[in-house]
Amino acid sequence: MGKAPQKKKSLADKVRRAKTASEIKNNPFEVKINRKKFDVLGRKAKHDVGLPGVSRSKAINKRKETLLKEYKQKNKSNKFIDRRLGEYDAKMAPEDKILQRFAMERQRVHEKKDVYNLNEEEELTHYGQSLAEIEKFNDSVNSDDESEEKGLLSAELTASHFGGGGGLLRKKTSGEEQEEQGSLRAKSRQELIEELIQKSKQEKRERQVQKEEAQELTEKLDQEWKSIQALMVTKTPKSERVDKPEEKPKLEEYDMMVRELGFEMKAQPSEKMKSPEELAKEEKEKLQKLEADRLRRMMGDEGGESTQSRSHMSADDLNDGFILDKPDKKILSYQDGEWNIGEETEEDKEGDEEEGASGEEEESDAEEEDGDDEEEEDEEEQEEDSSEEEDGHSDLESEQESENEEGEQGDEEPQKSLTKEELKAQQDAAKAELPYTFTAPESYSDLKDLLHGHTPDNQRLIVARTQKCNHPSLAVGNKLKLQKLFGFLLEYIGEVASRSPPELTTVDKLIPEVYTLCQMFPEAACQAMQSILGDAAHSMEEELEVKGHAAFPTLDMLVYLKVAALLFPTSDFRHPVTTPALLYISQTLTKCPVRSLQNLTSGLVLCCLAVEYISLSKRFLPELINFLTGTLHLAVQDKAALGYKVVPPFRPSGKYSDLLVSSSPESCRSWSRKSLSLSATQHLDLTSDLDRNHYRLSCLSTCLGLVKTCCLLYKDLPSFSHIFQPIRTLLSKHLSTQMLPKPLQELHSETLEAISSAPVTHSQLVFDKKKPIPLKLLTPKIVEVLDYGKKRGCTREEREKERLKHKYKKEFKGALREIRKDTRFLAREKLDEVMSRDAERKRKVKELLGGLATQEGEWKALKRKKKK
């Protein structure tokens with residue numbers, strides 16, 4: 001069955017339905033009115049009225065008109081601004097505009113090299129050449145022949161290079177063949193090209209000679225013309241002359257200054273400063289050269305000294321070090337009444353064999369002859385460098401002076417060959433001489449073997465030369481070797497200081513070399529010193545845990561503390577080496593009890609080190625003041641009524657509290673001031689009571705001197721008077737000056753005066769007077785409640801504050817919402833741009849592929865058609 005025919009819609013139905021849709025669309029209940037709760041000053045806006053979605057479309061349209069336009073015009077410029085000078089200035093004439101524009105252009109292209117040019121005239125050029133130089137006519141005028149021949153090549157050269165070798169491989173004439181029949185073999189292409197090059201060079205040289213001759217003739221003619229020109233000048237007769245005094249033109253001040261500057265001495269260019277790597281390389285080469293010379297003298301080889309007198313030099317010798325053959329002629333000389341033919345002696349042969357066995361390279365006699373002048377030049381360079389070297393290079397000065405003296409004597413008279421006795425003495429002296437090159441020790445035992453049996457000065461030289469021969473810039477592994485050498489030297493210094501008796505002179509000599517290594521490798525030096533201080537502090541802690549007290553450090557540890565103060569800065573607020581060292585000193589002065597004069601000496605040495613550590617920073621160290629107060633307490637006889645307190649490790653009375661009390665007043669008369677020796681910290685040998693009393697007075701003198709130094713350091717402290725109040729009471733009331741020598745009495749009065757003269761700038765600590773705080777009362781807090789139980793705050797200010805907070809939060813949320821909407825809008829627009837670009841690209845690619853497919857089909861059809 002077929003489908004039933006549909007009824008056609010009448011016009012009345014369409015009108016009715018459109019009317020119904022319009023009525024539904026304009027439903028008043030669906031109209032949205034955006035009313036404003038409050039007005040904003042400066043904003044002109046009307047209430048937005050519309051259906052649902054109208055406000056959203058308006059917002060989008062508004063963003064398209066504002067935000068989208070700004071996005072599309074971003075980083076774009078569509079204006080042409082005329083920035084020419086004076087273009088829109090009606091007051092300026094055209095000539096003024098041109099002049100100012102020309103001046104601005106000249107200023108813009110002005111180069112830095114013309115800033116100090118005194119010649120303000122403009123330099124005119126012609127085809128890039130200065131007209132001033134062209135007018136001098138320095139260049140000789142080329143003749144017509146030269147201008148025609150300039151830039152042209154000979155026919156033979158052109159044919160050989162650009163004719164494919166035709167000029168070289170062409171058929172020769174009968175005359176040329178006859179000339180070449182006399183030669184043994186035919187010339188190759190390379191030889192023919194070399195002949196052409198020689199001919200071209202010869203022609204060029206001839207043209208240069210002709211040009212020079214023509215220039216000389218021109219100059220000669222110019223001089224002759226000047227002499228003739230003087231005769232051609234017409235002279236006025238004497239009768240018509242008028243005698244007038246000749247007035248010389250006066251020079252201006254500027255011209256005089258210019259002439260004076262021209263006659264002044266000009267600065268000579270200085271030599272280029274050498275880098276540390278170049279200096280280290282030169283020092284190593286210098287030491288190697290001196291060591292080779294010492295080994296030569298030790299082997300008895302005198303060839304280096306007498307070769308200059310024995311060698312024969314021709315008058316045509318260029319002295320360039322080139323010798324074709326070794327001279328085999330024997331030299332005839334007269335020695336000891338007999339004719340001596342220059343042959344190698346047995347000692348020389350033995351020396352050559354020893355040199356060959358030791359692996360050294362043999363030098364030929366010819367090289368020695370030509371090397372004498374070079375040795376003299378090297379000696380002069382060594383003299384110049386020795387004046388610029390530091391103390392570490394002073395070991396080379398004596399060798400350089402001796403070599404220079406030998407060189408001067410060799411210039412004055414020919415050197416004579418040495419006798420056997422002199423040669424033997426020279427060998428012994430070379431063997432006894434200290435070597436110049438050393439290898440870096442790999443272990444501590446190697447360093448001890450290297451320095452064993454040498455004087456302190458020689459030990460310093462050995463370490464310095466080892467450092468120069470193994471500089472980090474000379475090889476890759478030298479840095480690690482020198483870092484190990486620093487640790488070995490520290491260990492060696494500790495061992496030398498702990499010997500009996502201690503070799504402090506050796507320590508003093510090695511300190512500069514240790515400082516040099518510390519400056520080269522600060523991190524390695526810091527770690528080495530930290531390990532030493534850490535071990536000492538750990539051992540002290542263990543001893544305190546076991547015994548409850550610790551012994552004073554030995555002399556090697558005292559030396560390490562002194563070395564730390566020399567190698568590293570002590571004025572830093574916090575330092576990885578000096579700060580632990582200062583803490584170790586403070587702990588030692590607090591935890592180590594004083595039970596003998598030897599312990600007291602160690603404590604005073606530590607006090608001296610502490611003063612050295614704080615001399616720049618003036619840091620307050622209470623352990624130092626307490627130890628000095630306890631030391632002065634040891635010299636007080638009557639300990640019944642004390643006006644001060646004694647802090648541990650000292651005791652107010654009892655055993656070990658009278659260590660500095662003198663037993664006889666007679667010892668004061670024979671006492672003289674002496675400084676305490678460091679060896680007394682290890683061993684103190686006092687046989688008689690007189691020596692013991694003298695040593696007590698020396699300790700008291702050292703203590704008073706430290707107290708005076710501390711007064712000068714801490715005089716600016718606000719609590720100075722309270723810090724030194726115990727010492728002031730002890731000196732003024734308990735330590736009598738009648739039993740002291742006269743130097744100590746003067747030091748006592750000076751110290752007491754330094755303490756008393758300081759002004760009292762700080763009062764005692766008291767509590768501030770404040771009004772008593774009343775107790776909290778249980779008074780109810782009345783809160784105003786308005787708007788049907790809503791809490792709005794107690795006061796008007798609080799309510800205003802809450803209102804502003806609410807407004808701020810609302811505006812902040814609205815701003816975030818608008819920013820998010822703007823971001824989403826821009827993201828959609830960017831995505832639409834990307835999609836449109838991709839669609840356009842796909843369309844173009846599709847068109848290209850379609851065109852290619854069409855071409856491929858046409859080509860295949862044409863191919864099939866050809867086959868048919």
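Reader: What should I know before I start?

Author: The model is predicted, so local features need pLDDT of at least 70 and side-chain atom pairs count only at pLDDT 80 or more, while totals for chains, interfaces and linings use all residues. Residues are numbered from 1 along each chain as its sequence is written, and side-chain values use heavy atoms, with hydrogens and water left out.

Reader: How do I describe two packed helices?

Author: You give the angle between their axes and the distance between the axes. Helices here are DSSP runs of H or I with at least four residues, numbered from the N terminus. Axes are lines fitted to C-alpha atoms over the stretch in contact, with angles from 0 to 180 degrees between N-to-C directions. Take helix 24 (residues 578–591) and helix 26 (residues 622–633): their axes come within 9 Å and cross at roughly 35°.

Reader: Which residues make the contact?

Author: Contact means heavy atoms within 4.5 Å. Helix 24 brings S586, L589 and T590, and helix 26 brings E623, L624 and F627.

Reader: How do I read an aromatic pair?

Author: Rings of Phe, Tyr and Trp (its six-membered ring) pair if their centres lie within 6.5 Å; planes under 30 degrees apart are stacked, over 60 edge-to-face, and the rest tilted. The structure holds four such pairs. In one of them, F620 and Y714 sit edge-to-face, 5.5 Å centre to centre with 70° between the planes. These two residues are 94 residues apart and link distant parts of the chain.

Reader: Is Y714 buried or exposed?

Author: Buried means under 20% relative accessible area, exposed over 50%, and partly exposed in between (1.4 Å probe, protein chains only). Y714 has 0% relative accessibility, so Y714 counts as buried. F620, at 36%, is partly exposed.

Reader: What about salt bridges?

Author: Look for a side-chain nitrogen of Lys or Arg within 4 Å of a carboxyl oxygen of Asp or Glu. By this rule there are 19 salt bridges. One of them joins D822 to R63, with the closest N and O atoms 2.5 Å apart. D822 lies in helix 31 (residues 796–867) and R63 in helix 2 (residues 54–65), 759 residues apart. D822 is partly exposed at 24%, whereas R63 is buried at 10%.
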